Structure formats: C-alpha cells, structure tokens
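Work through these exercises with the model open. Each task is followed by a solution in steps.

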Amino acid sequence: MKDQEHPHEHDHTEPPGDLELKVKALESLLVEKGLVVPAALDVLIETYEHKVGPRNGAQVVAKAWAQPEFKEWLLEDGTAAIASLGYTGRQGEHIQVVENTPMVHNLVVCTLCSCYPWPVLGLPPVWYKSAPYRSRAVSDPRGVLDEFGTILDDHVQIRVWDSTSEMRYLVLPQQPSETQGWPEETLAGLVTRNAMIGVEKIPPPKAQGAP
Amino acid sequence: MGTPTGAAVSLQGIPQPAELAGLPVDTEGPVFAKPWEAQVFAIVIELHRQGLFSWAEWTERLSTQIALVRERGEADLGDTYYQHWLTTLELMLYDKNVMQDVEVRQYAVRWRQAYLNTPHGKPVALSSGDDKPA
C-alpha cells in the first residue's frame, strides 16, 4: 500500500496546450537534425522584442521633417536613405516611402500575408494581421480610417499601398505646422507607429509640450 | 460586393495590444502574444537564414494558408496569425522532407509526458518524457 494514494499536485508540471507542445516538438527535431541552434533563436527573439520597433521609423520620419535634403533622398530611394541610418535587414530589402500631403493620404496594407517593413516598424500589430483590415483597407479605406478616429476632408485622395514580399511601404506623415524648427529628437517623440502605417495622422502637439 | 467580410465586420472587437497585459512590449504594444509565437517566428527566420527557403517562397506559402483559412470562413482577427505561421512551417517541413508528421506527433507526446514527469518548479527537459509515469 502506498502512503500517498493521491499524488500532491506539485509532483508534476501542468503541460502546456497542444499548440505549444507542437512548437516544442518541431524545435527539438530541428535542433536534433542540426538545423537550428536554440541560442540563435533566443537572439532573434530578443532582437525583435526589444531592439527593432517603430522608434526606428520615427527617427527616419523626424530626420525627413528636419532635413529637406534627407527627405528628398528618402522619397527617391527609401531603401538607401533608411539603410544610411543603420536600419537594414529582413523585410527591409526594398522600402518605398510615400508622403502624406494636404491633398493625398497614404495607407499601407498587405492583402495576402501581412508583409510589413520590420527594420523601421518592428513586427506588425494584431489588427494589421486581421482579415477585416486586409480586406477593408482596400474596399473601404475611409471607413477603416474612421474607426481609427482619422477623418479626412472629402477632397483628400486616399492611396492604398499593398505590400508584397518584394516591396514594403512606410508612410511619411505630415509634420504638424507648429513643430517647424523643432530638434529631431523631439520630433521623433511625436511620430506614432499608426501614423507610419497611415491609419492615423500626427496630432498637433499640446501647447505645453513645446520645447 | 458579396464577400463575407462586408460592412458588418468591424475592426472593433479585435484584441488591442493594451488588453494583453504582462507580455513582451515594444514601445507601442506587445510583439508576441504568447512565447510559442516568438519561437515559431524565430524558427522560420532562422531556417530562412540557413537557406532552406527564400522569403518569396515563404510569403507565397503563408498567403496560401491564410487564403485557405479565409475560405473556411474563420474570423482570422490577427490573434491567430502565428498559428498560420506554424501550419505553414509544418507543411513546408513535410514537403521538403525535413521531417515527418508522425515524428512531430511522437515528440509532442514525449514533451507532454516530460511535463507530467517533472516536479513543479523544476526545468522540463525532453529526456524526462521517456520515463513512463510511476
């Protein structure tokens, strides 16, 4: 007879769900077959969780706002201008920058598989990867913008850019007129991820936030 | 138009980053909702880096998988995005004879048993899954 008919609940570890078990199985097999080294995976995860993100894109936008010659280069050859700031890598091989003006508003989507300019924006937000966004950004861009609280005048033309594995897009938002002459670091703080996807505009800064 | 994703489908109700507390966060939201999503992402990038497939091949396969999900009428609200990555990765590894699905099933069973054989709070190793429970 056993002393403990009912094992204490801490005598085992609760297994994770089937999806996680499958991922662990795949990883173990790939490691055993010599195709993957766990440490390399950790470095990749660390990079994309903490180092690559929309702050990179904000630096690009701020520089374009502050330096007309950089802006000209950025619009002409986005890939090279962005690479000059050190933002290179996967899904950034070809980046086209599209400029918002009083007459034109740009919106970025990937209708097939959620391609996204990782080096400047990091990994895409949940809604960008959703079926409603994929379809409605094309069929009803004004309605999508409305849900993000972005109301455009009727005369503003909306251009929708469909990303591919070959070409990614970054929106250069309009600089709030009150911020002309501000230093780049301050300007970068105004730039949001959503504005660089094109679902939002950069609001004018609050008066007391001005330097 | 007569598509299932008509005006009735709203972006509202899609999980927003702020609601997913306690997870890895970049400056404007969590990058991965669950640790396994990060693992799948990293495995795909690493295998691509090793030259197992081109990025164009990956996006084509992923697009096909996402289209399939849409045909099945699933909501696909972005929170299942890395499940699509996982399925695409699996099918590609089978296609390329890197591994067989039966192997994956066996290893998943071993991992499950490893958890059950490991006292709470101790690190779980796959080798623990080879011992049957007492």
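**Exercise 1: A salt bridge within chain A**

The side chains of Lys71(A) and Glu99(A) form a salt bridge, 2.6 Å from N to O. The model is a predicted one.

Task: Find which elements of chain A hold Lys71(A) and Glu99(A), and say what the pair ties together.

Solution. 
- Step 1. Check the distance. Lys71(A) and Glu99(A) are at 2.6 Å.
- Step 2. Lys71(A) is in helix α4 (residues 68-76) of chain A, and Glu99(A) is in strand β1 (residues 95-99) of chain A, so the pair ties together parts 28 residues apart in sequence.
- Step 3. Over all chains, the whole structure has 13 salt bridges.

**Exercise 2: The interface of chains A and B**

Task: Describe the interface of chain A and chain B by its contacts, its buried area and its polar pairs.

Solution. 
- Step 1. Count contacts. In chain A, 58 residues are in contact with 65 residues of chain B.
- Step 2. Take the area. The size of an interface is often given as the accessible area lost when the parts come together. Here about 6000 Å² is buried between chain A and chain B, and carbon and sulfur atoms give 67% of that area. Thr13(A), Leu26(A) and Glu49(A) supply 10% of what chain A buries against chain B, more than any other three residues.
- Step 3. Look for charge pairs. Side chains of opposite charge can pair when their charged atoms come close. The rule finds three salt bridges across the interface of chain A and chain B. One of them joins Lys33(A) to Glu103(B), at 3.3 Å from N to O.
- Step 4. Between chain A and chain B, 15 residue pairs are in polar contact, with both residues at pLDDT 80 or more.
- Step 5. Name the elements. On the side of chain A that touches chain B, two or more residues come from each of α1 (18-32), α2 (38-51), α3 (54-66), α7 (131-139) and α8 (141-147) of chain A. The largest share, 13 residues, is from α1(A).
- Step 6. Sort by class. This side of chain A has 29 nonpolar, 11 polar and 18 charged residues.

**Exercise 3: The cavity**

Task: How many cavities of 30 Å³ or more does the whole structure have, and which residues line the largest cavity?

Solution. 
- Step 1. Search. There is one cavity of 30 Å³ or more. The volume of the largest cavity is about 40 Å³.
- Step 2. List the lining. From chain A come Gln91(A), Cys113(A), Ser114(A) and Cys115(A). From chain B come Trp55(B), Trp58(B), Thr59(B), Leu62(B), Tyr81(B) and Trp85(B).
- Step 3. Assign elements. Helices α2 (55-71) and α3 (81-95) of chain B each give two or more lining residues. α2(B) gives the largest share, four residues.
- Step 4. Sort by class. The lining has seven nonpolar residues, three polar and no charged.

**Exercise 4: Trp161(A)**

Task: Where does Trp161(A) lie, and which residue does its side chain join in a polar contact of 2.7 Å?

Solution. 
- Step 1. Locate Trp161(A). Trp161(A) is in strand β3 (residues 157-162) of chain A.
- Step 2. Compare sequence with space. Trp161(A) and Leu107(A) are 54 residues apart in sequence, and their C-alpha atoms are 6.1 Å apart.
- Step 3. Check the neighbors. Leaving out residues up to four places away in sequence, Trp161(A) touches several residues, including Gln96(A), Val98(A), Asn106(A) and Tyr169(A).
- Step 4. Find the polar partner. The side chain of Asn106(A) makes the 2.7 Å polar contact with that of Trp161(A).

Methods:
Residues are numbered from 1 along each chain as its sequence is written. Chains are lettered from A and ligands numbered from 1 in the order in which they are written. This is a predicted model: local features need pLDDT of at least 70, side-chain atom pairs count only at pLDDT 80 or more; totals for chains, interfaces and linings use all residues. Side-chain values use heavy atoms; hydrogens and water are left out. Contact means heavy atoms within 4.5 Å. Buried area is the accessible area (1.4 Å probe) that two parts lose on being put together, summed over both. A salt bridge is a side-chain nitrogen of Lys or Arg within 4 Å of a carboxyl oxygen of Asp or Glu. A polar contact is a pair of N or O atoms within 3.5 Å; within protein, one must be able to donate a hydrogen and the other to accept it, and residues adjacent in sequence count only if both atoms are side-chain atoms. Ala, Val, Leu, Ile, Met, Phe, Trp, Tyr, Cys and Pro count as nonpolar, Asp, Glu, Lys and Arg as charged, and the others, Gly among them, as polar. On a 1 Å grid over the protein atoms alone, a cavity is a set of points where a 1.4 Å probe fits but cannot get out, and a pocket is an open set with protein on both sides within 12 Å along at least five of seven lines; lining residues have an atom within 4 Å of a point. Grid points are joined across faces, edges and corners, and a volume is the space filled by probe spheres set on the points.
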